[in-house]
Amino acid sequence: MLYVILAVLMIALDQAVKYWALTSLQAQQTIPLLDGVFHLTYVENRGAAFSLFAQFDSRWIFVLLAVVVSILIVVALRKGLVQTRLGRWSLVLVAAGALGNAIDRVVHGFVVDLFDFRLIHFPVFNVADIFICVGGALFVIYFLFQHKDETEAVASDKAEGQEHHE
């Protein structure tokens, strides 16, 4: 239940920032916070990550993908397939980000982006994108260093049990 509450709060934060961008930043187009380095720039992203596939209306594909991924994450969490707190939080971040961007696609027909790192010519992004990227990176760390398949987990549990009896 805690994961659901925090995911909803993350989605609300993402939507609040995007609402501000739509109602305030859109008229100004860009606000330099560090001129030439970091700006807040209003962008309507009609494609996927970094505007991929923007040449055709792909929004419903990405909405469906976000919903399916989020359902799979919920199932994985409920079945206990993710073994550590880091792994679980990584998936909550991914689901919150995916659903935050899906809401934009349904409501506006595009995703609102605004964080603009000009120093390195990085694509403009939003809070949901941060959740997805951080969650994805954390999941890789979880999978590489914490996740054990069933045979490893059983062997590890047996070894721990033997250590306690000796």
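Predicted model: local features only at pLDDT ≥ 70, side-chain atom pairs only at ≥ 80, totals over all residues.
The chain contains five helices and three strands. Read from the N terminus, these elements follow the order α-β-β-α-α-β-α-α. Of the 166 residues in the chain, 34% are buried. Among contacts between residues at least 6 apart in sequence, 68% join residues that are at least 24 apart.

The strands are considered next. Strand β1 comprises residues 30-34, and strand β2 comprises residues 38-45. These two strands pair in the antiparallel sense, with four bridges between them. Within this pairing, T30 lies opposite T41 of β2. Together β1 and β2 form a hairpin in which three residues separate the strands. The turn of this hairpin includes G36, whose phi is positive, at about 80 degrees. Strand β2 also pairs with strand β3, which spans residues 111-117. This second pairing is likewise antiparallel, and it extends over six bridges. Here E44 is found opposite V112 of β3. Most of β2 is covered, since six of its eight residues are buried.

The packing of two helices was also examined. Two packed helices are described by the angle between their axes and by the distance between those axes. Helix α1 covers residues 2-28, and helix α4 covers residues 127-145. Their axes lie 8 Å apart and form an angle of about 140 degrees. An angle over 145 degrees would count as roughly antiparallel, and one from 65 to 115 degrees as roughly perpendicular; α1 and α4 are therefore oblique to each other. On the side of α1, the contact is made by M10, L13, D14, V17 and K18. On the side of α4, V127, A128 and F131 contribute. The residues of this contact comprise six nonpolar and two charged residues, with no polar ones.

The aromatic rings form a further group of features. A pair of aromatic rings is described by the distance of the centres and the angle of the planes. The count comes to eight aromatic pairs. F38 has a relative accessible area of 16% and is buried. F115 is also buried, with a relative accessible area of 16%.

Another stacked pair is formed by F139 and F143, with 6.3 Å from centre to centre and 25 degrees between the planes. These two residues are separated by about one helical turn, because they are four residues apart in helix α4. F139 is partly exposed, with a relative accessible area of 28%. F143 is partly exposed as well, at 47% relative accessibility. Finally, ring pairs link F38, F115, F117, F122 and F125 into a cluster. The buried residues F38 and F115 are among the members of this cluster.

Conventions: Residues numbered from 1 in each chain as written. Heavy atoms only, no water. Buried < 20%, exposed > 50% of the residue type's maximum accessible area, 1.4 Å probe, protein only. Pairing = 2+ DSSP bridges. Axes fitted to C-alpha atoms, helices over the stretch in contact; angles between N-to-C directions. Parallel < 35°, antiparallel > 145°, perpendicular 65-115°, else oblique. Contact = heavy atoms within 4.5 Å. Nonpolar A, V, L, I, M, F, W, Y, C, P; charged D, E, K, R; others polar. Phe/Tyr/Trp six-rings, centres within 6.5 Å; stacked < 30°, edge-to-face > 60°.
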